[in-house]
Amino acid sequence: MAIRKIPQRKCIGCNTSKDKKELIRVVRNAEGEISIDMTGKKPGRGAYICNDPKCLKAAIKGKKLDSPAFAKEINKLGLEGKSSIAFL
């Protein structure tokens, strides 16, 4: 029997690859709403982050959550320059 491949994703905070199940997915849906997806199955554009406050701080400091996947919503609301984490 073949061994199943475990999906890997990269944390946007610490930039390390980990098993998908170990990370938290932040997703922006078609309506532009940003939310946390603990199941990893919500539709929409997503990014992964470790369950560690240091990674969250690094993602905010590096403006990783202001990437094009999330920036559209921020610009539409007139909140340029502010971190999208405020919407979570």
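Aspartate 37 touches Arg25, Val27 and Lys42, leaving out residues up to four places away in sequence. Touching, or contact, means heavy atoms within 4.5 Å. Aspartate 37 sits in strand 4, which covers residues 34-37. Its relative accessible area is 1%, so aspartate 37 is buried. Buried means under 20% relative accessible area, exposed means over 50%, and partly exposed lies in between, with a 1.4 Å probe and protein chains only.

This is a predicted model, where local features need pLDDT of at least 70, side-chain atom pairs count only at pLDDT 80 or more, and totals for chains, interfaces and linings use all residues. Residues are numbered from 1 along each chain as its sequence is written, and side-chain values use heavy atoms, with hydrogens and water left out.

Arginine 25 lies in strand 3. Is it buried or exposed? Arginine 25 counts as buried, because its relative accessibility is 9%. Apart from neighbours within four places in sequence, the contacts of arginine 25 include Ser35, Asp37, Lys42, Gly44 and Tyr48.

| Side chain | Backbone atom | Distance |
|---|---|---|
| arginine 25 | oxygen of lysine 42 | 2.6 Å |
| arginine 25 | oxygen of glycine 44 | 2.8 Å |
| aspartate 37 | nitrogen of lysine 42 | 2.9 Å |

How many strands form the open sheet? Three strands do, in the order 4-3-5, and their pairing is antiparallel. Strand 4 and strand 5 are at the edges, each with a single partner strand, so one side of each has no neighbour in the sheet. From one strand to the next, the twist averages 30 degrees. Axes for such angles are lines fitted to C-alpha atoms, for helices over the stretch in contact, and angles run from 0 to 180 degrees between N-to-C directions.

Strand 3 and strand 4 pair over four bridges, in the antiparallel sense. Two strands pair if DSSP finds at least two bridges between them. Valine 27 stands opposite serine 35 of strand 4. Arginine 28 stands opposite isoleucine 34 of that strand. Five residues lie between the strands of this hairpin, where glycine 32 takes a positive phi near 90 degrees.

In soluble globular proteins, nonpolar side chains tend to be buried together.

Cysteine 55 is in contact with Cys11, Gly13, Cys14, Ile49 and Cys50, leaving aside neighbours within four places in sequence.

The protein has two helices and five strands. From the N terminus on, they run β-β-β-β-β-α-α. Helices (H or I, at least four residues) and strands (E, at least two) are DSSP runs, numbered from the N terminus. Of the 88 residues, 31% count as buried.

Technical notes. Polar contact = N/O pair within 3.5 Å; in protein donor to acceptor, adjacent residues only side chain to side chain.
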